[in-house]
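Dear colleague,

Please find below the sequence and structure that I am handing over to you. My notes on what was found follow directly after them.

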Amino acid sequence: MLGKLTWDAIPWSQPIPLVAGGVVLLVLLAVIAWVIVRGYLPYLWREWITSVDHKRIGVMYILLGVVMLLRGFIDALMMRSQQAIAFNAPGYLPPEHYNQIFSAHGTIMIFFAAMPLVIGLMNFVVPLQLGVRDVAFPTLNSTSFWLTATGALLVNISLVVGEFARTGWLPYPPLSETQYLPGVGVDYYLWSLQISGVGTLLTGVNFVTTILKIRAPGMSYFRMPMFCWTALASSLLIVAAFPVLTATLGMLLLDRYLGFHFFTNTAGGNMMMFVNLIWVWGHPEVYILVLPAFGVFSEIFSTFSGKPLFGYRSMVMATLFICVVSFTVWLHHFFTMGAGANVNATFGIATSVIAVGTGVKVYNWIFTMYGGRIRFATPMLWAMGFIVTFIIGGMTGVLLAVPPADFMLHNSLFLVAHFHNVIIGGVLFAGFAALTYWFPKAFGFQLDEAWGKAAFWLGLIGFYVTFIPLYAAGLQGMTRRMQHYDVAAWRPWMLVAAVGVLILLAGGICQVVQLVVSIRHRDELRDVIGDPWNGRSLEWATSSPPPSFNFAVLPNVHGEEPYWEIKRRAIESAHLTPEPQYEDIEMPRNSPTGVITAFFATITGFAAIWHIWWMVVLGLVAAYVVFVWFAWRDVDEYVIPAAEVARLDRERRGARQAWLDAHARAEEPA
């Protein structure tokens, strides 16, 4: 009846996952009870859970990413502390639990922390920058989010019901085959990624369609903000690469469930084919994450330097160059497979060449700052910290692109340090910069600058104290994924890295305090006019937070920085443009389709993991019924009356005119 699921699936003999799971469950129940008792459930259901507003979906993506970032960081704390005390000793983590932790850490950080952060920013910002009211497929957007949340939920369920994969963040055969790991850990990995991968692929389709087909009047491709270009490139990579991931993991599922031999050595299988296919997806995935981060920094450097982005068209070309070339470098992840000197040389050269595109961007960012009036606000600090950190990561990457060097450093902690150098210095720094930068646009008040700067300095210092020692240990021959070790020369580096993680923890605490302090002082930090940073792109033309329809009248775009020109003219004349003619606006209705589909996807995934086949059939049929029900919906839009549109827009215009009057008085000679 329940397949392989028994009471033994709960780790009664392992206190760490049992206590951790119990605490998480209690906190979750307490939050649910608080929401119900305070009467917030109808509001959450109506305004958030069933919302198809791209801004709310973006905020939920980011919230999911932040929560999973905390979960993944706890795994990192456990790994670093284990290695700090595991010199000639077993440490406090049993080997099988340690293997689950480092596998879950990589999986969570890439798929359920970094990806939701990046996609959340794209959701919130791109339609506003394009001057439109929503994405191309709003209900599909909601479904994408909830499928991603389903994958994250399944990974966390594995903490207390069963186990997670002990393969690393990529489940290489033959270790991931049933013969070697017959438990459910690999199945948790496969089904969580298959379900969330469908959501990510739908997001890619949605944003490619939105950016190519839905833009404000007059906004040609070369008038789009740079973040929109990088979001387009990232979405194109998603559409091209994620089907490869789905097919690869599908073949591994067939190996495990039906005894196929895609990746086994018997009956014509080839385990190296899995490595090829997974990295055909895996290296573009790095750029799926990093390209939107580049777009974030382009917006921030321009805004806080008070200048247009230097070399806009060359930045576009560099973005598209990286997008294309990212599919030609995957083999550098396994130079040691024995493909031969010619193959290795080809991919080594391609890997070095792709650095040219990033180099163009770095020089353009530096030239953007050159001659500008730089303001060292928290987002700008994260951006400048990124440049230094990412250049170091890029140079170590070019070093690893040399096959003889890679033969020596492959599978060492040097590689781990390089990867974190790129992803933390690029994606995570961008995430923190973007959260600070666009937070007032989302919630109507700014974050406290003092605590934000403290978080930046602790984060930057903590990063270097954590990962520079890993470079050194890797050069001394320490391999990754070691649960314990007996080489005395490695221990000092592990102790320093453990201190670095504690500094990072202090930086994270500062960010929590920053949020709490900002909420308490939100009236003093209120963003009244909707443009707290003196921004240059169209999202700053709306109120903070924007209304559900974004723009009362779609902007007519002239030039590469339309909002900046409108603002300059308004400041010079001390008056806004004449009030437009307001009309009724049609907006998509909220829909529970996404959350209901995700609910049945969770049931289906969990049942497939434990081989509860009747439940799998029930979940699939129910999900199909939900989609049929949605397809037969008669009314899928609602109308916002022109009077309501006018009221909200007049409030925005009134605040802007008051600011213009105050600015004009301040500029008058004494």
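Is Asn88 buried or exposed? Asn88 has a relative accessible area of 56%, and because the cut-off for exposed is over 50%, Asn88 is exposed. Please bear in mind throughout that this is a predicted model.

**Backbone features**

Asn88 is also of interest for its backbone. Although Asn88 is not a glycine, its phi is positive, at about 55°. The residue sits in the loop between α3 (54–85) and α4. Ala267, which is not a glycine either, has a positive phi of about 55°. Ala267 belongs to the loop between α7 (226–258) and α8, and with 68% relative accessibility Ala267 counts as exposed.

Two cis peptide bonds should be noted as well. One joins Pro173 and Pro174, with omega about 5°; Pro174 lies in the loop between α5 (138–157) and α6. The other runs from Ser544 to Pro545, with omega near -10°. Pro545 is part of the loop between α15 (491–520) and α16.

**Cavities**

As a general point, rolling a probe the size of a water molecule over the atoms shows where empty space is left. In this model, the count comes to 2 cavities of 30 Å³ or more.

The largest cavity has a volume of about 60 Å³. Its lining consists of Leu117, Val118, Leu121, Phe227, Pro292, Ala293, Val296, Val427, Ala430 and Gly431. Two or more of the lining residues come from each of α4 (95–130), α8 (271–305) and α13 (413–443). By class, this lining has 9 nonpolar residues, 1 polar residue and no charged residues.

The second largest cavity has a volume of about 50 Å³. Phe111, Met115, Ile119, Thr148, Ser196, Gly197, Thr200 and Phe242 form its lining, to which α4 and α6 (185–213) each supply at least two residues. The classes here are 4 nonpolar, 4 polar and no charged residues.

Helix α8 also holds Ile288. At 1% relative accessibility, Ile288 counts as buried, because the cut-off for buried is under 20%. Ile288 and Ala241 are 47 residues apart in sequence, and their C-alpha atoms are 9.4 Å apart in space.

**The second largest pocket**

The volume of the second largest pocket is about 1,200 Å³. The pocket is lined by 46 residues, of which Ala541, Thr542, Tyr563, Arg652 and Arg656 are the closest to its centre. Both α16 (562–573) and α19 (642–667) contribute at least two residues to the lining. Sorted by class, the lining holds 24 nonpolar, 11 polar and 11 charged residues.

**A nonpolar surface patch**

Leu25, Leu26, Leu28, Leu29, Ile32, Ile36 and Leu41 make a nonpolar surface patch of about 680 Å². Helix α1 (residues 15–37) gives the most to this patch, with 6 residues. Leu28 is found in helix α1, and with 47% relative accessibility Leu28 counts as partly exposed.

**Salt bridges**

In general, side chains of opposite charge can pair when their charged atoms come close. The structure holds 13 salt bridges, and a few are described here.

In helix α19, Arg647 forms a salt bridge with Glu651, with the closest N and O atoms 2.9 Å apart. The two residues are separated by about one helical turn because they are 4 residues apart in that helix. Arg647, at 39% relative accessibility, counts as partly exposed, and so does Glu651, at 47%.

Another network is formed by Arg46, Glu47 and Arg56, which are joined by salt bridges that share partners. Glu47 is partly exposed, with a relative accessible area of 26%, and Arg46 is partly exposed at 44%.

Finally, Glu163 forms a salt bridge with Arg166, where the closest N and O atoms are 2.7 Å apart. Arg166 is partly exposed, with a relative accessible area of 25%.

With kind regards

Terms used:
Residues numbered from 1 in each chain as written. Predicted model: local features only at pLDDT ≥ 70, side-chain atom pairs only at ≥ 80, totals over all residues. Heavy atoms only, no water. 1 Å grid on protein atoms, 1.4 Å probe; cavity = no way out; pocket = protein on both sides within 12 Å on 5 of 7 lines; lining within 4 Å. Points joined across faces, edges and corners; volume = space filled by probe spheres on them. Nonpolar A, V, L, I, M, F, W, Y, C, P; charged D, E, K, R; others polar. Patch = residues over 30% accessible without salt bridge, like charges linked within 9 Å, V, L, I, M, F, W, Y side chains within 5 Å. Areas by Shrake-Rupley, 256 points an atom, 1.4 Å probe, with all protein chains shown as cover. Salt bridge = Lys/Arg side-chain N within 4 Å of Asp/Glu carboxyl O. Buried < 20%, exposed > 50% of the residue type's maximum accessible area, 1.4 Å probe, protein only.
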